[in-house]
Amino acid sequence: MKYYIIIPAYNEEAFMALTLQSLVEQTVLPSKVIVVNDNSTDRTAEIVTSYTEKFPFISLVHKKSDAIHLPGSKVIQAFHEGEKHIDENYDLIVKIDADLIFPKNYFETIIKHFQSDSKIGMAGGFCYIEKNGDWVLENLTDKDHIRGALKAYRKETFKQIGGLKPAMGWDTVDELLCKFYNWKVVTDESLHVKHLKPTGASYNKAARYKQGEAFYSLGYGFFITFIASLKLASRKGKPLLFIDYIMGFWKAKSSGKPLFVTAEQAKWIRKYRWKKMKEKIKK
């Protein structure tokens, strides 16, 4: 199976070489790696160029955008730029962050999952962060969710879900639509990926409202948003974020912001979310 990787990168000089080195050491190499340098002001481009000179399957693309970090929109716009530079001759398309170190057998294992079942639409491992010298599972992780940092999609699935949405919540709606269309989402607990920069490290106040906006855009409705906001704020250890999330939801609702999904998909998503919540309560 041929796989293409797109890596959005903004000021990643501290980690870029580590990520690329872990890719060129894979037991099954990617057919293409496109690094999208999104207006970096550091040595990111220089580091990538040192790899493009040695490895012909790696290429560098430049994109101009604002420096402000709004989670979701900036990174996926960069991903879309990368898509312009690939052909259709792939089986899997992968979006990864520029601050990851993959085990050498990562993509060989991911490919085996896709080959084992033609209904698998997405697959991924788990992100681990360093705490006091140990690598521990990042606490935002659900065992049945693939983190936005390392998403691998079957081409047919990727096309059917309409690709990636350039807004916060893109890495939830992709999985929900995957399940809506009866594709399977597979996570592999044996694949430990080192995540060098914890999620949300640079989010600002505007970005926090975006989370509530994302819950609205996913078609959750108020009650599911209320529960999801409580859970996420609690996981992050910042209870006051709950207020930001709820405010973001109401701001999006009152402005008539369009949903990521159709009315039919939104109805299915709410039903699916309630079902998952009831399953967790029974446990």
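Helices (H or I, at least four residues) and strands (E, at least two) are taken here as DSSP runs, numbered from the N terminus. On that basis, the chain comes out with ten helices and nine strands. Its radius of gyration, taken over C-alpha atoms, is 18 Å, close to the 19 Å that the globule rule (2.2 Å times the number of residues to the power 0.38) gives for 283 residues, so the chain is as compact as a globular protein of that length. The model is a predicted one: local features need pLDDT of at least 70, side-chain atom pairs count only at pLDDT 80 or more, and totals for chains, interfaces and linings use all residues. Residues are numbered from 1 along each chain as its sequence is written, and side-chain values use heavy atoms, with hydrogens and water left out.

Along its principal axes, the C-alpha trace spans about 55 × 40 × 40 Å. Contacts (heavy atoms within 4.5 Å) with a separation of 6 or more come 78% from residues 24 or more positions apart.

Now to Asp144, which sits in the loop between β7 (134-137) and β8 (150-154). Leaving aside neighbours within four places in sequence, Asp144 is in contact with Glu175, Lys179, Val185, Thr187 and Lys276. Take Thr187: it is 43 residues from Asp144 in sequence, yet the two are 6.2 Å apart in space, C-alpha to C-alpha.
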